[in-house]
Amino acid sequence: MSVPIRRRRFAAIALASVVVLGTTAACGDDSDSGDSGSGGGPITLVVDVFGDQGFGYEELYKQYEAEHTNVKIQERGKGLGLGDYNTRLTQQITAGSGAGDVVALEEGTIVQFYAQADKFVNLADHGANDLKGNFLPWKWEQGTTPDGKVLGLGTDVGSMALCYRSDLFKAAGLPTDREQVGALWPTWDEFIATGQKFAAADKKHKFVDSATNFYNVVLMQIAGQGTGYTYYDKSNKLVIDQNPDVQAAYQLTTKMISAGLSNNLQSFSNEWNAGFKNGTFATIACPAWMTGVIKGQAGDAATGKWDIAKAPGAGGNWGGSFLGVPKSSKHQKEAAELAKFLTSAKGQIGAYKAVGNLPSNPQALTDPAVADSTNDYFSKAPVGKIFAAGATDLKPVYLGPKNNAVRTAVENTLRAVEQGKSADEQWQAALKNGAAAGK
């Protein structure tokens with residue numbers, strides 16, 4: 001889920017969650033996961049996640065507790081924004097206390113923890129290498145340090161599509177059938193051209209939610225087909241000013257902004273959430289995990305108004321996470337077993353059913369529960385076919401150690417373009433500010 005990027009969540013809720021979670025950690029660094037098993041009683045395993053929907057593990061926890069009567073599971077972080085989550089987790093890992101027994105590591109930040117791999121359990125010591133075939137090859141590679149330590153086991157991947165409001169398309173005189181809609185935009189330039197047609201017919205709604213969402217999806221797709229990396233090359237050299245994929249994605253985004261297509265919303269802000277509820281935009285870049293976000297924000301009133309079509313260009317991935325075990329856990333063996341269960345085919349199918357997080361497990365991807373699934377909320381779209389079919393062909397994009405910091409600096413300049421600043425001047429600012437953030 002990385003979501004990853006893991007990029008995805010609520011500022012107001014996040015602030016409250018930081019206070020609550022920070023208090024929990026401060027009051028129980030030694031007891032959150034350590035003392036409950038004394039005297040032969042059940043132990044408590046704390047699982048740290050992020051995001052407004054969480055990871056969809058609630059029913060899986062119940063199953064695991066029923067099969068392991070000596071284990072109780074406590075989840076923290078649901079509703080917590082990724083940025084705040086990563087800041088907190090980084091502080092806890094550095095301090096060697098306060099983190100959960102099992103922690104989510106988003107795709108954009110797991111690389112930064114390679115340098116602190118000594119503070120995580122090497123899951124290979126708990127049989128993880130025997131599970132290598134249970135993950136897409138590139139997903140397994142992302143969770144493994146250069147010297148072969150298994151830092152995290154993969155949860156979901158962010159196989160790309162485009163979600164759109166079919167009612168708004170109809171009112172604007174555009175096709176509504178998902179196959180015909182996908183045919184409107186074989187390229188991103190044609191997506192922008194379609195947006196201009198929409199804008200000419202509909203003066204009330206914007207075509208896309210956010211320039212930054214658009215930019216990141218385009219960048220991940222272009223980089224996947226091109227250099228294979230974004231702001232850092234694979235030797236961790238900062239190359240924001242040298243990678244043509246970054247500039248190409250930036251230029252496409254500013255072209256979309258200059259056409260007046262963006263709703264100028266910051267992703268996962270309160271205003272963005274309200275945009276779903278009020279139906280202020282017609283399309284959004286849509287990795288599998290975004291379907292749960294849309295449903296959660298737009299609510300039941302929008303059932304059947306949303307649909308899903310092929311994304312422009314060739315594939316692409318946005319988001320996805322891993323589960324790791326910090327060495328600060330007092331129950332490392334039990335935590336490793338729980339992480340293995342949650343990332344198993346059974347666990348990933350359960351998470352997919354709960355919140356739409358697309359499995360990174362090949363067996364789960366081909367299971368009828370995923371491959372043949374439809375989504376009633378999204379006009380009965382064949383989400384298994386749309387998302388799972390291309391997941392095995394995804395080309396990974398390398399994200400360097402300070403990817404999120406650089407990304408934030410670049411996104412801020414795009415928001416300035418949305419507010420009327422010069423695109424050329426802001427590109428230079430992106431290079432300067434991104435380089436400073438990445439040092």
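Student: How many residues does the largest nonpolar core have, and which of them have the most contacts inside it?
Tutor: In this predicted model, the largest nonpolar core comprises 78 residues. Ile 294, Trp 306 and Leu 358 have the most contacts inside that core.

Student: Which domains does this core draw on?
Tutor: At least three of its residues come from each of domain 1 (4-157 + 319-384) and domain 2 (160-317 + 396-437).

Student: What is Ile 294 in contact with, leaving aside its neighbours within four places in sequence?
Tutor: Ile 294 is in contact with Cys 163, Phe 276, Ile 284, Cys 286, Gly 299, Trp 306, Tyr 377 and Phe 378.

Student: And which residues are in the other core?
Tutor: Another core, of 46 residues, lies apart from the largest one. Among its members are Val 47, Leu 323, Ala 336 and Tyr 398.

Student: Back to Ile 294. Which residues of helix 11 are buried?
Tutor: Met 290, Thr 291, Gly 292, Val 293, Ile 294, Gln 297 and Ala 298 are buried in helix 11. Because seven of the nine residues of helix 11 (residues 290-298) are buried, the helix is largely enclosed by the rest of the structure.

Student: What comes just after helix 11?
Tutor: Gly 299 does, and it takes a positive phi of about 80 degrees.

Student: Which residue has a positive phi although it is not a glycine?
Tutor: Asn 264 is one of them, with a phi of about 60 degrees. Phe 268 is another, with a positive phi of about 70 degrees. Most residues other than glycine have a negative phi.

Student: Where is Asn 264 found, and where does Phe 268 lie?
Tutor: Asn 264 is in the loop between helix 9 (244-258) and helix 10 (270-278). Phe 268 likewise lies in the loop between helix 9 and helix 10.

Student: Is Phe 268 buried or exposed?
Tutor: Phe 268 is buried, since its relative accessible area is 3%. Asn 264, by contrast, counts as partly exposed because its relative accessibility is 34%.

Student: Changing topic: in what order do the strands form the open sheet?
Tutor: Five strands form it in the order 2-1-3-10-4, with mixed pairing. Strand 2 (71-76) and strand 4 (153-154) are the edge strands, each pairing on one side only.

Student: What packs on the sheet?
Tutor: Helix 12 (residues 332-342) does, touching strand 1 (43-48), strand 2, strand 3, strand 4 and strand 10. The direction of helix 12 makes about 50 degrees with that of strand 1.

Student: How many bridges join strand 3 to strand 10?
Tutor: Four bridges join strand 3 (residues 102-106) to strand 10 (residues 321-324), and the two run antiparallel. Val 103 stands opposite Gly 324 in strand 10.

Technical notes
Residues are numbered from 1 along each chain as its sequence is written. This is a predicted model: local features need pLDDT of at least 70, side-chain atom pairs count only at pLDDT 80 or more; totals for chains, interfaces and linings use all residues. Side-chain values use heavy atoms; hydrogens and water are left out. Two strands pair if DSSP finds at least two bridges between them. Contact means heavy atoms within 4.5 Å. Axes are lines fitted to C-alpha atoms, for helices over the stretch in contact, and angles run from 0 to 180 degrees between N-to-C directions. Buried means under 20% relative accessible area, exposed over 50%, partly exposed in between (1.4 Å probe, protein chains only). A nonpolar core is a set of buried Ala, Val, Leu, Ile, Met, Phe, Trp, Tyr and Cys residues joined through side-chain atoms within 4.5 Å. Domain bounds come from an automatic or database domain assignment.
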